[in-house]
Structures are given as structure tokens and as C-alpha cells.
Amino acid sequence: MRYSRFFAPTLRDDPADADVVSHRLLLRAGYIRRVTSGVYDFLPLGLRVLRKIEAIVREEMERAGALELLMPMVQPAELWQQSGRWEKYGPELLRFRDRHNHPSCLGPTHEEVICDLVGRELRSYKQLPMTLYQIQAKFRDEIRPRFGLMRGREFVMKDAYSFHADDDCLRREYRNMFAAYERIFTRLGLRFRAVEADTGSIGGRDSHEFHVLADSGEDLIAHCASCDYAANVEKAQAARVKAHGEDAPCAEVATPGLSSVEDVAAFLDVSPALLLKTLVYRVRFEDGRTEIVAACLRGDDQLQPVKLQQALDALEVVPAGEDEIASVGGVAGFVGPIGLRCRVLVDASLADAYGLVAGANKVNTHLTGVNVARDVVDKTVVDLREAREGDRCVRCGGELSFSRGIEVGHVFALGTCYTEPMDVRFQAQDGSRKVATMGCYGIGISRLVAAIVEQCHDQAGIAWPVQVAPFQVALISMGRGEQVERVAEQLYAQLGATGIEVLWDDRAERPGVKFKDAELIGIPIQLVVGARTVADGEVELGRRGEPRRRCPIASAVAEVEALLEAGAAPA
């Protein structure tokens, strides 16, 4: 491709509204342009990268035995009502009515549509297992779209769905897809980590997220230095040293004006770990019910809200107001679990703790000597705390560390949470009618474009791995001499004939402009044709971001091929 006929509008300065590296560079290098909040055009360079990522994903999906299809973006409300997600999914689901007043939505995901399709076509166990996938645009009406392609409203996604006769078969396909994802992200040249994850609005039993490791990542992931345990912080568990104070009866103590953990601990001269912190929430369930619930943790811990929501199987949890706290017998600032007239959940680290300090549900008063097993009745013990740096691994006792990650893939073992309400049944081998079990597996294709840039860039611009670069070679001709034009034309033709993708910068621009654009766009190999080197029968060749060397014109194409075979992206 000749640059003079190509559409790649580069920018000299960073856009003011771009907060992360990938957003800045993709805009500056002419890969994307903003249409509206969270919605972007993919320009020719961006589309070439997108298609290369798609090609790798398709190859690995087919290798894993999945079949491609294409489903509609517009989905009728009745399918979502049948699955129970029409209300549960929340405001991210963009709902609308057509001219016939029929309610529909723009699909953020396709569990309902695929279940409707398979439910109508599935007859016998002999058709199972079955794995179908698509690569298609999705829409989620994010309240705060940001970071360019990393959190947009419209995005390109690969979503696959598998159907099985039993859970053993589902587990095998889950492992198969897990392995396929590892191959995909390895082929893309990414540093990534698979972590245990919350199932979120998709639902199901088990799930793993795949994260590209980057400081700009929105997700915090915990991982053990001594074993392979890794989990999103929303799911991460950690071993905890038990906190015990003096074993004594409960007693009231005046704490005038002191309600924070730090102030009470200092006043009573005890460790914050010996305070029993009670947080009160208003909980909303899928069927519309609301309930006031108390959650208890050690004073030196923080609640992980997703864990609380999952423990309650709730649609939403929000902090309760003072009146709501009073309605269950509590006093804001001095709440404790003893005597509360509501459901009480206690973090597992407190299950057998004693000698604690807790609110007395009286103004300016706390209790000492609290024994959880003895004094907190009708409690539910669950994991509620958020793991933190230096905690011990629940599997091996090693130390947990934390990294930032960009979620680019997610696999779910859904079970029958969709197939049962969507009536996806088949005739089993014994003649009975059974509900199929299901898995789903997503990859953010357009998000991967940004995630790769977050890992692969330098001060000059993007540094694409060769397997996803829009072009493999940047051919740069300097000067307008006849000999330069002839050699550049010759090399352009020879490289194209061997199947190498070349962007020939034949523009009437200064060499400095051409080199800056080549570095910014991030093409892995640079081949420079200049009057001085051509006069000596040579050209300059090198990897992007590294010093170029001279090589004979006659061997230039062979040397480019050797660089490509070796992998041309700089370390």
C-alpha cells in the first residue's frame, strides 16, 4: 500500500481527552476516531489490526471445535423476559420500542438468542456437545465510558456458547476453551494471567477472567508467588491469622463522640484488628423485595461488596441510611451485631473470635469482651473481606501480591441457569427429556487492540507485535532521485510478491516526518531507501525502535523475511 493513497491521519499532539496510553496513541496514529461518547470509528489501520486479531481467534476457535455463526444485534424483549434478565441486567441494557411498539434491546451478550436458537433445533443427545461462536458488535450503555476502546459502549466481541448433556461434558469443554484462550493470548504476544472471577450479571457457577497485565488496568488481581492461585479481588480469598483478645464477659464502655475504628481503638488502647466493624446495607433482590442486612468484619479489614452481593444472591446492595439502621435496632456510628433485628453476616475470619470490641447500639457506647460464637446468634458465616497485599494464600500459605489487569476474556460454566428457563431440552439416551447444561466464553476483540498497545509502546509510539501489526514493513523512500524511486519501486514489488505487507511512504514529506510517523504507527520493520545508501548498492534495515544497519539491495527482501520469521517486535 502506498502511503500517498492511504488514509491514516496522524496527529502531532496528544488529544486532551485521552487519559491512557492506548487511547492517546490510537488516536494520534490514525487508528480510531471518536463518533460519540464510547463509540469509535475504526480507520483503515485500526481495522487491519482488528481483522488480524479476529483471524487468530477464529483459527483457535476452529481448532477447539467451535462453529461460527452470526446472530442479530437487536433482540426481542420476550427472550430476556423469559430468561429473567430484562430487569436484572440494569440500565446498561439499551431498551427501545420499534414502530409497532414492540420492546427490544441492543444485545450486550447473546445467551438468550443462542438458547432460543438451540432450543428450537436440539432434539437428541446425539447432537451434543455443540459449541457455536460469533464475532459481532455489542452495545452496553456504560454510565461512564472511558479510556477509549478499553471501556466503550459499542465494541466488537467474540462470544461462544457450548451445550452439553451433562456437567462432566461441560467441564471438559470449559478446559478446552480455557486452553484455547491461553493459545490465543500467547499468539498475540501478551503477558497475561487467568484468574478466578465473580460470575457477575452473566451468572452461572464458575468463571475465570483473562487479564492483560498493565498498570492502566481497571481490575485488581491477587496472585500467589508460590503457587498458581490467582483471582480477581472481587473473588480472592486469603488465609487470616485469628484475632483474639481477652476472654471475658461483654461489658459496656463509654466512648463519647468516638465512632471510627481508629478513634475507638486508640481510646481503648487495643489493636484495630480487635474491633468488630458492623456495616448495614439495604439489599434489593431480583423479585423486587428489599431487606436490611448487617455485615461484620474485623476493624482492620475492608468489605468486598461483590462478595456480600453474591452471598445474599442479591441484585443490589447499598449502604443503609440512619433511619433504616434505627429500624433494625441500630444506632448510626455505634452499630453492633448483638440485638440487631435483621440478618447478620459475619466474615469467616471472625467465626470463633473473642475478646472483641463492637458497637453497643447505644449512643456513645461500645461493648468489650464480645465473643462471636457466644454472643452473635442467628449469624451466617461467609467470606466478606477484601484480600490485600501480604495476605497468605488459601492454597499453599504463600504471600499474595497484587497487579493491575485489563480483562480481555472471560469463560463461564453456566450450568442450567439459562437453558432451564429458556426450555433447551433434548431426548436423553434413556428416552427421558433433559435440560441441556451450558457454558459461555467471551473475548473482547476491540478491547484487545487497546490492551496490546498498553503493553507494546514506547515514547515514540506503538510497537505492534508482528503478528497483529497493520503492516509488517514500513518502506521509507527519502528524496526524489530516479535511482531512489526505481529501487523503492523494485523492493515494494518484490516484498508484495512474497506476501509481505508493506506500507510504502512515498509522500513528498521531509524524512523526519516520515520517520516519526513510522515510529508512531508502530510497524515492526523499517526499510529505508536513500540516495546515499542506494549509490553504494545498499539500503538501511532494522526493527522499529532499534538502530538500522546497511544491507545489500539484492538481499534486502531475504533479510526482511528472516526478521519476520524471528519475530520482529523489539523486546
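## Cysteines

Cys-456 counts as buried, with a relative accessibility of 12%; buried here means under 20% relative accessible area, exposed over 50%, and partly exposed in between, with a 1.4 Å probe and protein chains only. The model is predicted, so local features need pLDDT of at least 70 and side-chain atom pairs count only at pLDDT 80 or more, whereas totals for chains, interfaces and linings use all residues. Residues are numbered from 1 along each chain as its sequence is written, and side-chain values use heavy atoms, with hydrogens and water left out.

Across the whole structure, the search returns 0 disulfides, a disulfide being a pair of cysteine sulfur atoms within 2.5 Å. Cys-393 is in no disulfide, and its nearest cysteine sulfur, that of Cys-227, lies 3.7 Å away. Cys-393 is also buried, at 2% relative accessible area.

## Aromatic pairs

The model contains 9 aromatic pairs. Rings of Phe, Tyr and Trp (its six-membered ring) pair if their centres lie within 6.5 Å; planes under 30 degrees apart count as stacked, over 60 as edge-to-face and the rest as tilted. Phe-178 and Phe-210 form a tilted pair, because their planes meet at 55°, with ring centres 5.0 Å apart. This pair links distant parts of the chain: Phe-178 belongs to helix H6 (residues 167-187) and Phe-210 to strand E10 (residues 206-213), 32 residues apart. Helices (H or I, at least four residues) and strands (E, at least two) are DSSP runs, numbered from the N terminus.

Phe-210 also forms a tilted pair with Tyr-181, at 5.4 Å centre to centre and 55° between the planes. Tyr-181 is in helix H6 and Phe-210 in strand E10, so this pair ties together parts 29 residues apart in sequence. Phe-210 is buried at 0% relative accessibility, and Tyr-181 is buried at 0%. Phe-178, Tyr-181, Phe-185, Phe-192 and Phe-210 make up one aromatic cluster.

## Charges over rings

The charged end of Arg-48 sits over the ring of Phe-471, 4.0 Å from its centre. The criterion is NZ of Lys or CZ of Arg within 6 Å of the ring centre and within 35 degrees of the ring normal. Arg-507 lies over the face of Tyr-3, at 3.8 Å from the ring centre.

## A three-stranded sheet

An open sheet of 3 strands has the order E4-E6-E5 and antiparallel pairing; strands pair if DSSP finds at least two bridges between them. Its edge strands, E4 (74-76) and E5 (95-97), each pair on one side only.

E4 and strand E6 (residues 103-106) are joined in the antiparallel sense over 3 bridges. Pro-76 has Ser-104 in E6 as its bridge partner.
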